[in-house]
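I opened my notebook to work through a new structure. I wanted to know what it is built from and how its parts pack.

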Amino acid sequence: MSLQVNCAEVLDNLDAWIDGDVEGSEAAVFEEHVRDCRDCRAAHRFAGEIRAELRSMPEFNPPRRVLAAVEEATRPTVMERIHRLLGWIVLRPVPAAVSLAAVIALLLVIVPRGERRTGQFSDAEIRRATAETRLALAYISDATRRAERGVRKKVLEGPGLPATVRGVSRTLSWAGDRGVARPRTPLSPTDTSKGS
Amino acid sequence: MRMRRAVFDAAVATHSRRVFTLAVYLLGDREEAEDVTQDVLIRLWRKGHDVAPHRIGSWLVRVTRNACIDAIRRRGSGIRGVTDSREDALPKLASGVPGPEILARSSELGNRILAALERLSEPHRSVVILREVQGLSYQEIGEAMEMPMSNVRVTLHRGRQRLREELEEVRNHVAAG
């Protein structure tokens, strides 16, 4: 590799050099050239000043009134809430049907039908209704827990969540799933690094 | 179908500053930038449900840039022909006057840079602002501008060179005066 560079090469690579993309012996050759060449030295300094000035330019937070207007415009209406509830029933027919079945089973046990009174149910009927109700409730509980886990996973894996919050959430979910307290362990350095 | 509320709130908290800053620099007008920011965030709520959460940032930059170009076209609609593309509209119709808030915080060189930025053509101007002022990575700029990384590098290189040339002219003009 040649140890000489001309002014055109230096000027063409000024940005890469300032970015740190020119390294090692190549960077040394550039530095040597700039030491001896007044024009390139001035150009390098000028490019650095522009870069520093651009990077020090301020960023701005939107005013509160803008965020308040956005909040107002995105607040769900009553109709949207109803649609969302109906959407839940349409999109999750199994949990919805099981919930309905559980309610009907409970009503069958609790509410007297016509001339039959609670005391007139046979033991077998009561046992069967109780078992079906328990089964339905267990299914609802399981479906709810799975849905909750799914949401928690999405939130934890999503961007913008600080590592500390992520760690605390994991600890709480671990303990919650097992019903016991998890032994305290310090967060690893990778856990505390800022997410990209 | 709308975005999930938690995802939307997190996106607003994370990206509203970036949206507003980009609008301020592209429009040079704080009030217009506020309107654009409000519209863009509401559009995110209405149409962002099919945007992957990790792409919301680049989606917002793209939509903000397009909204700014549209705003500039509206500003000069009595002058320009309706056939102007967005890419053509931005450099030709920019105000050329940076907002007072930016001017107040900037140095002499900073003010000259802002004026020179206004004269840059697209997409050089947007890429220089996104990279140098807002600190986006090449990948983020590529996603936002819908161009490959190699194009981002070339565009940024040309934008920086053009900016230096503009400033050299200013410097020479001042020296001659």
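My entries follow.

**Ground rules.** I am working with a predicted model, where local features need pLDDT of at least 70, side-chain atom pairs count only at pLDDT 80 or more, and totals for chains, interfaces and linings use all residues. Residues are numbered from 1 along each chain as its sequence is written, chains are lettered from A and ligands numbered from 1 in the order in which they are written, and side-chain values use heavy atoms, with hydrogens and water left out.

**Chain A.** I looked up the secondary structure and found 10 helices and zero strands. Helices and strands here are DSSP runs, numbered from the N terminus (H or I, at least four residues, for helices; E, at least two, for strands). Of the 196 residues in chain A, 23% are buried. Buried means under 20% relative accessible area, exposed over 50%, and partly exposed in between, with a 1.4 Å probe and protein chains only. Chain A exposes about 14300 Å², with 59% from carbon and sulfur atoms. Such areas come from the Shrake-Rupley method with a 1.4 Å probe; for residues, only the protein chains shown count as cover.

**Chain B.** I found nine helices and zero strands in chain B. Chain B has 177 residues, and 49% count as buried. Its accessible surface is about 8500 Å², of which 50% belongs to carbon and sulfur atoms.

**The core.** Which residues have the most contacts inside the largest nonpolar core? They are A:Leu54, B:Leu117 and B:Leu163, in a core of 55 residues. A nonpolar core is a set of buried Ala, Val, Leu, Ile, Met, Phe, Trp, Tyr and Cys residues joined through side-chain atoms within 4.5 Å. α1(B) gives the largest share, 11 residues. I then checked A:Leu54, which touches B:Ile113, B:Val128 and B:Leu163, among others. Contact means heavy atoms within 4.5 Å. Another core, of 13 residues, lies apart and includes A:Val10 and A:Phe30.

**A helix pair.** I looked at α1(B) and α3(B), whose axes come within 9 Å and cross at roughly 40°. Axes are lines fitted to C-alpha atoms, for helices over the stretch in contact, and angles run from 0 to 180 degrees between N-to-C directions. The two helices are therefore oblique to each other: angles under 35 degrees count as roughly parallel, over 145 as roughly antiparallel, 65 to 115 as roughly perpendicular, and the rest as oblique. Residues making the contact include B:Val7 and B:Ala11 of α1(B), and B:Ile56 and B:Leu60 of α3(B).

Methods: Lists of a residue's contacts leave out its neighbours within four places in sequence.
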